[in-house]
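Let's take a walk through this one, with the cut-offs spelled out as we go. Have the sequence and the coordinates open beside you.

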Amino acid sequence: MPAVQETIDQVRSIDVDQYKYGFETEVEMEKSPKGLSEDVIRFISAKKGEPEWMLQWRLDAYKRWLTMTEPSWARVSYDKIDYNDIYYYAAPKKNPAPKSLDEVDPEILKTYEKLGIPLREQEILAGVEPERRVAVDAVFDSVSVATTFKEELAKAGVIFMPISEAIREYPDLVKQYLGTVVPVTDNFFATLNSAVFTDGSFVYIPPGVRCPMELSTYFRINEKNTGQFERTLIIADKGSYVSYLEGCTAPKRDENQLHAAVVELIALDDAEIKYSTVQNWYPGDAEGRGGIYNFVTKRGDCRGKNSVITWTQVETGSAITWKYPSCILRGDNSRGEFYSIAVSNGMQQVDSGTKMIHLGKNTTSRIISKGIAAGKSENTYRGLVSAHRKATGARNFTNCDSLLIGNQCGAHTVPYIESKNATAVFEHEATTSKISEDQMFYCQQRGLSEEEATALIVNGFVKDVLQQLPMEFAVEAQKLISISLEGSVG
Amino acid sequence: MLEIKNLVVQIEDKRILNGLNLTVNKGEVAAIMGPNGSGKSTLSYVIAGKEDYEVLDGEILLDGQNLLEMEPDQRAAAGVFLAFQYPLEIPGVGSMTFLKAAMNAQRKSRGEGELSTPDFIKQVNAAAAKLEMNKDMLKRALNVGFSGGEKKRMEILQMALLQPSFCILDETDSGLDIDALRIVSEGVNALRSPDRAFLVITHYQRLLNHIVPDTVHVMHGGRIVRSGGKELALELEANGYADYRESEAA
């Protein structure tokens with residue numbers, strides 16, 4: 001396994017500071033006034049050059065939000081968030097809407113290069129190695145700074161662009177689908193997002209088209225006291241296929257930053273969407289200072305018959321994660337899948353899982369969740385599987401495994417199962433284990449160092465899920481997991 | 001090769017080894033026999049460096065290097081190999097992956113480069129064929145769902161690939177049927193060489209019919225109470241350990 005060696009080298013190359021994405025970029029920013037008000041929402045909408053209907057949509061959401069209370073049922077604790085102490089819009093001053101990469105601030109391009117996402121090369125390499133190309137949309141604080149391969153995708157009829165652009169260019173498509181999976185009123189954080197969302201990706205795959213390359217969005221929070229509220233909307237029309245990946249990082253800061261995103265997926269008849277996330281927001285320091293509050297609503301709607309939505313997530317970052325990528329299995333014979341690796345170390349708190357809502361006939365779902373807790377972290381899987389009265393023949397298989405490293409962390413599994421249909425078959429398996437000293441000794445006796453042994457055992461534990469990721473990202477994710485667990489043994 | 005002087009070891013305040021002395025020379029196969037609870041497995045773990053054991057006194061030298069000051073992986077790199085009585089299962093980690101990780105880790109500590117994949121596969125296939133191992137076994141996660149006999153073969157396969165200079169076999173015969181015992185023993189015998197020493201820990205004479213030792217040591221009460229040639233094993237088989245128990249009582 002060469003990846004193990006790479007992992008070790010990577011871990012060694014990182015000194016005391018384990019979070020290598022913690023640097024800050026010096027660019028002049030334009031921000032909205034601090035805090036949240038109708039004026040701020042008007043400011044954002046005007047900055048984006050939005051039509052009136054969009055502004056109205058936001059204002060309605062804001063009014064609704066003012067009447068809502070923050071949810072408290074998750075197994076996480078944090079100081080009260082002051083929603084008026086946040087900047088809701090921040091954009092690089094120079095040319096916030098660049099037409100091509102040449103117009104992008106070189107400092108920002110450098111940032112993405114440091115993060116391992118060379119946007120420039122992506123374009124230059126076009127055609128050289130066609131099977132490995134990935135189209136990237138890069139979002140820096142509140143705006144999308146670059147989208148690659150746009151033209152080539154357009155040839156296939158695929159629309160891949162910042163959502164703020166799509167609102168202007170494809171208002172009918174956006175109007176038809178926005179908020180139909182996660183309604184404006186869905187929950188406190190989703191409603192907040194509906195009011196203030198800034199950027200994110202919009203994807204439309206026309207009927208019968210298999211998207212010619214992986215699509216990827218890279219989110220970066222840079223500015224201090226800024227929240228990131230991205231909104232992503234992906235529509236796979238009849239018989240189409242798309243694989244989409246998102247990655248996220250943020251600089252190290254002592255204060256907490258809020259990230260409240262909404263992602264909506266819609267798969268029509270016979271369409272398939274694969275959505276993969278490698279989430280590596282800054283997790284805070286060893287004492288629990290700083291880090292991102294990651295309160296995200298992700299939901300996919302298998303609206304058409306035989307449609308498929310797969311969520312794969314590798315979660316290693318954030319101080320607090322509150323996230324349940326879900327599938328509404330509306331179309332007959334539709335299928336929802338959720339594969340998750342959630343790693344927590346230090347003082348991180350994770351409350352994550354999925355919901356599989358079976359509405360159509362013969363719908364199937366599969367949940368594979370691997371939680372790894374180290375340090376003093378708390379790691380909770382929370383999942384709902386439900387079958388509607390009409391969902392005859394619904395089937396679910398759930399497997400939740402937790403691995404504990406050390407004895408100061410916690411792993412919890414909270415499954416909810418509701419069946420209103422006698423023909424539904426739901427299976428649930430769960431295990432909790434510790435890396436045993438005997439396993440460690442066995443590996444070390446064969447010559448592996450303590451770090452190598454941990455990496456090997458953990459990689460074995462998460463293998464089923466890693467296999468679901470696109471190849472390059474699987475290697476990346478494997479490294480990330482080992483780095484996150486650095487220093488957790490012994 | 002291996003020199004143990006006045007080794008005193010306890011675990012959770014219980015003394016297990018009580019001033020044990022043992023020398024094993026290069027090229028020698030030394031057998032250690034003794035009743036249950038005499039400290040045989042403890043001795044193997046202490047040589048390999050398992051935590052939990054508190055060494056109160058004594059030293060263990062391998063070619064003059066003090067093993068007690070080294071981590072388990074450093075001892076492995078120095079040439080110590082322990083074939084476990086109960087090999088551990090590592091779920092999700094393919095046997096081939098594990099073998100390659102172990103071989104490369106040891107190569108690295110010797111300052112050698114990584115093994116190329118074709119060379120690695122060639123070496124594994126050759127060694128596995130000698131042990132009459134089913135190739136499907138190598139595709140499975142390490143030791144997961146292996147029978148007792150398969151696990152023991154996997155231990156000997158690792159020994160053959162890692163080429164250690166000092167091999168400890170801890171009750172390798174337990175759980176083996178006659179055919180597996182023969183195959184495993186042939187695997188071990190094939191590795192006998194003037195540069196390599198073995199410490200074979202067993203309850204029973206039957207393993208020593210296959211792996212014929214140069215010396216036999218009887219362990220009791222945490223120390224070596226008698227040493228002799230291979231005929232000593234036959235004597236024990238005939239008389240049991242009763243003599244030693246009585247001598248303790250007296």
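B:Arg107 and B:Glu112 form a salt bridge, with their closest N and O atoms 3.8 Å apart; the term covers a side-chain nitrogen of Lys or Arg within 4 Å of a carboxyl oxygen of Asp or Glu. B:Arg107 has a relative accessible area of 22%, so it is partly exposed, and B:Glu112 at 35% counts as partly exposed too. (Buried means under 20% relative accessible area, exposed over 50%, partly exposed in between, using a 1.4 Å probe and protein chains only.) Elsewhere, A:Asp301, A:Arg303 and A:Arg330 are joined into one network by salt bridges that share partners.

Before going on, some ground rules: this is a predicted model, where local features need pLDDT of at least 70, side-chain atom pairs count only at pLDDT 80 or more, and totals for chains, interfaces and linings use all residues. Residues are numbered from 1 along each chain as its sequence is written, chains are lettered from A and ligands numbered from 1 in the order in which they are written, and side-chain values use heavy atoms, leaving out hydrogens and water.

Over all chains, the salt bridge count comes to 30. One of them pairs B:Glu155 with A:Arg446 at 2.6 Å, N to O. B:Glu155 sits in helix α6 (residues 148-162) of chain B and A:Arg446 in the loop between α10 (437-445) and α11 (450-466) of chain A, so this pair joins two chains. Helices here are DSSP runs of H or I with at least four residues, strands are runs of E with at least two, and numbering starts from the N terminus. Both B:Glu155 and A:Arg446 are buried.

Now for the sheet in chain B. Four strands make an open, antiparallel sheet in the order β2-β1-β4-β5. β2 (14-24) and β5 (65-66) each have a single partner strand, so each edge strand has one side without a neighbour in the sheet. Pairing takes at least two DSSP bridges between strands, and β4 (residues 54-62) and β5(B) pair over two bridges. B:Leu61 has B:Asn66 in β5(B) as its bridge partner.

Lying across β1 (2-11), β2 and β4 of chain B is α1(B), at about 110 degrees to β1(B); contact means heavy atoms within 4.5 Å, and the angle, on a 0 to 180 degrees scale, is between N-to-C directions of lines fitted to C-alpha atoms, for helices over the stretch in contact. Eight of the nine residues of α1 (residues 40-48) are buried, so the rest of the structure largely encloses this helix. B:Gly49 follows α1(B), with a positive phi near 100 degrees.
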